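User: I would like to learn how to read the packing of helices in a model, one feature at a time. Could you take me through an example?

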Amino acid sequence: MELASILILSLLSAWRPSVGKECDVRNILIFLLFLVYLVLLVFLRPFSAALDNIVSIGLTAMMVFAVLLMTLGIQQRAGQNNATFAISGWILMMSSIVVLMKAVWDLVTYGVDIYLTRRYTAREMARKKKNKPSIADLAYDEDGQGQE
């Protein structure tokens, strides 16, 4: 789902319209792409972790709103100082901060997971080594008699 939306977005971004109406159509298609992606995320919840689903839905919702504001600003043929562009810029900045915070969170939880897994593995190996009979133990049974 992600890769398909990225592919469609890259195709739409590569389209360089020559007149204003074509530009408006392209921007509306990009907005609709993000909107469909948001709806799919809300209903399918493709990630195992709830936090990943929440962050993905939140980021996509911010992108939908930012693209909508940019599309409206372009359709109004407003200059770069238009409020819609400023609000859109702030939303995109917030979304990049959220992505950065999520990346740090993922790295920290990954590091903790590796640390705990290594500790558990070391404990299990020590326990098995403690309970593992030696070669001398295998040569004699419980009564101290040698095995034939």
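User: At what angle do helix α1 and helix α2 pack, and how far apart are their axes?

Analyst: A word on the source comes before the answer. This is a predicted model, in which local features need pLDDT of at least 70 and side-chain atom pairs count only at pLDDT 80 or more, while totals for chains, interfaces and linings use all residues. Residues are numbered from 1 along each chain as its sequence is written, and side-chain values use heavy atoms, with hydrogens and water left out. As a general idea, two packed helices are described by the angle between their axes and the distance between the axes. Here α1 (residues 2–14) and α2 (residues 20–44) pack at an angle of about 175°, with their axes 10 Å apart. The axes are lines fitted to C-alpha atoms, for helices over the stretch in contact, and the angles run from 0 to 180 degrees between N-to-C directions. α1 and α2 are therefore roughly antiparallel to each other, a label given to angles over 145 degrees, where under 35 is roughly parallel, 65 to 115 roughly perpendicular and the rest oblique.

User: Which residues make the contact between α1 and α2?

Analyst: Contact means heavy atoms within 4.5 Å. On the α1 side the contact is made by E2, S5, I8, L9, L12 and S13, and on the α2 side by R26, L29, I30, L33, F34 and Y37. These residues divide into eight nonpolar, two polar and two charged, where Ala, Val, Leu, Ile, Met, Phe, Trp, Tyr, Cys and Pro count as nonpolar, Asp, Glu, Lys and Arg as charged, and the others, Gly among them, as polar.

User: How do α2 and α3 cross?

Analyst: The axes of α2 and α3 (residues 50–75) come within 9 Å and cross at roughly 160°, which makes α2 roughly antiparallel to α3. α2 passes α3 in a left-handed crossing, meaning that the near helix is turned anticlockwise from the far one by less than a right angle, whereas clockwise would be right-handed. Among the residues that meet are F31, F34 and L38 in α2 and V64, V67 and L68 in α3. The residues of this contact divide into 17 nonpolar, five polar and one charged.

User: What is the handedness of the crossing of α3 and α4?

Analyst: The crossing of α3 and α4 is left-handed, and the axes of α3 and α4 (residues 83–131) come within 9 Å at roughly 160°. α3 and α4 are therefore roughly antiparallel to each other. The residues of their contact divide into 18 nonpolar, four polar and three charged.

User: Where is F47 found, and which residues does F47 touch?

Analyst: F47 is found in the loop between α2 and α3, and touches E2, L41, D52, N53 and S56, not counting residues up to four places away in sequence. At 26% relative accessibility, F47 counts as partly exposed, the class between buried (under 20% relative accessible area) and exposed (over 50%), with a 1.4 Å probe and protein chains only. R45 lies in the loop between α2 and α3 and has a positive phi of about 45° although it is not a glycine.

User: How many helices and strands does the protein have?

Analyst: The protein has five helices and zero strands, these being DSSP runs numbered from the N terminus, with helices (H or I) of at least four residues and strands (E) of at least two. Of the 148 residues of the protein, 22% count as buried.
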